[in-house]
Amino acid sequence: MRGVHAPGASNVDAVTTPHSAPDGPARPQIMGVLNVTPDSFSDGGRYLDFGDAVAHGEQMGAEGADLIDVGGESTRPGAERVDAATETSRVVDVIAALVERGLAVSIDTTRAAVAAAAIEAGASVVNDVSGGLADPDMARVVADTGVRWVLMHWRGHSSDMQRLARYESVVADVKAELEDRVEAALDSGVDRERLILDPGLGFAKTAEHNWRLSAHLDEFVALGYPVLFGSSRKSYLGRLLADESGKPRPVGQREAATLATSVLAFEAGVWGVRVHDVAGTADARAVWLATRAAR
Ligand code: PMM
């Protein structure tokens, strides 16, 4: 689909119209990552400039992204937090510009005030890596505005999340903790049709945990909510592809591995994948769709 995708209203509809078929949507969604931060692990520092950020978002839309995920705070392990005003100022103008160009935008934030400003600027999805835990006001913002809400599995902020990577059984525990977040969201008046779940690869997870969650994505799909999968360029892939000396594969050379995980996720029935390489993922999706159509 590279080069033939025209961003526009149909994009926005696909993303904002709830569909909770247990076996996923007809066409998995591609969420393109746009980190307007100096320190994200993969694209940190590349899109801090307004023009660069908007150009990259537009490019991802042209390559086939259904949704541009704009973030103003790095969530990489060990990252220091920025204040809400800084986070907001990094993202709002970029969001407004992308929405003006017909693109659907999600805001990657754990803060209700940032989410509210982003929604005001036109974002139609809140991608909350804390699943509503970090800010008690997030549920109200989502309920009041009627946007979609990605509830990702999370146990704590980046500074100490690897310490929290302890599970009895990672698949069962993550599912149960996500179901708790769903209950809390519903209790706050959020429409169940608006929810999207994400197992949160790399967030309080070891490489072994990530592999187990990836291998059991179908169990998350079976919960009956759309599932988002975010493996793109993460360190467990770097570790898998380490050289003989044990040095992990550099971030920029994990694209083929990321594509393999995305195709496996499509096969498991996910609603969408969150990726840095939209063009490659759109090609992989075309292959997967053609294969499915020929079954
Ligand atoms: N991963 C990152 C950031 N936001 N959001 C969701 N829903 N799922 C993820 O797996 C996820 C996320 C970290 O990756 P980045 O630093 O490349 O943005």
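Between which strand and which helix is the loop that holds Ala-204?

Modeller: Happy to start there: Ala-204 sits in the loop that runs from strand E6 (195-198) to helix H7 (207-215). Helices here are DSSP runs of H or I with at least four residues, strands are E runs of at least two, and both are numbered from the N terminus. Before going on, please note that this is a predicted model, in which local features need pLDDT of at least 70 and side-chain atom pairs count only at pLDDT 80 or more, while totals for chains, interfaces and linings use all residues. Residues are numbered from 1 along each chain as its sequence is written, and side-chain values use heavy atoms, with hydrogens and water left out.

Most residues other than glycine have a negative phi. Ala-204 counts as buried because its relative accessibility is 1%; buried means under 20% relative accessible area, exposed over 50% and partly exposed in between, with a 1.4 Å probe and protein chains only.

Arg-233 brings up the backbone again: its phi is near 60 degrees, which is also a positive value in a residue other than glycine. Arg-233 lies in the loop between strand E7 (228-229) and H9, and at 16% relative accessibility it counts as buried. The backbone oxygen of Arg-233 is 2.8 Å from a polar atom of the side chain of Arg-254. That is a polar contact, a pair of N or O atoms within 3.5 Å, where within protein one must be able to donate a hydrogen and the other to accept it, and residues adjacent in sequence count only if both atoms are side-chain atoms.

Arg-254 itself is found in the loop between helix H9 (235-240) and helix H10 (255-268). Its side chain also reaches the backbone oxygen of Arg-249 at 2.8 Å. Arg-254 is buried yet has no salt bridge, and Glu-255, the nearest side chain of opposite charge, is 9.0 Å away. For the charge count, Lys and Arg are positive and Asp and Glu negative, with His and the chain ends left out; a salt bridge is a side-chain nitrogen of Lys or Arg within 4 Å of a carboxyl oxygen of Asp or Glu.

Helix H10 holds Ala-257, which is buried because its relative accessible area is 15%. Ala-257 and Ser-231 are 26 residues apart in sequence, and their C-alpha atoms are 9.4 Å apart in space.

Now to the charged pairs. A search of the whole structure finds 14 salt bridges. In one of them, Asp-69 pairs with Arg-274, and the closest N and O atoms are 2.8 Å apart. Asp-69 is in strand E2 (residues 67-71) and Arg-274 in strand E8 (residues 272-275), so this pair ties together parts that are 205 residues apart in sequence. Asp-69 counts as buried at 0% relative accessibility, and Arg-274 counts as buried at 15%.

Glu-87 and Arg-111 also meet through their side chains in a salt bridge, at 2.7 Å from N to O. This pair links distant parts of the chain, 24 residues apart: Glu-87 is in helix H3 (residues 84-100), and Arg-111 is in the loop between strand E3 (105-108) and helix H4 (112-120). Glu-87 is buried, with a relative accessible area of 1%, and Arg-111 is buried too, with 16%.

Glu-267 is partly exposed, with a relative accessible area of 43%, whereas Arg-295 counts as exposed at 65% relative accessibility. Elsewhere, salt bridges that share partners join Glu-73, Arg-81, Glu-87 and Arg-111 into one network.

One last stop is Glu-120 in helix H4. Glu-120 is exposed, with a relative accessible area of 73%, and its C-alpha atom is separated by 9.4 Å from that of Thr-145, 25 residues apart along the chain.
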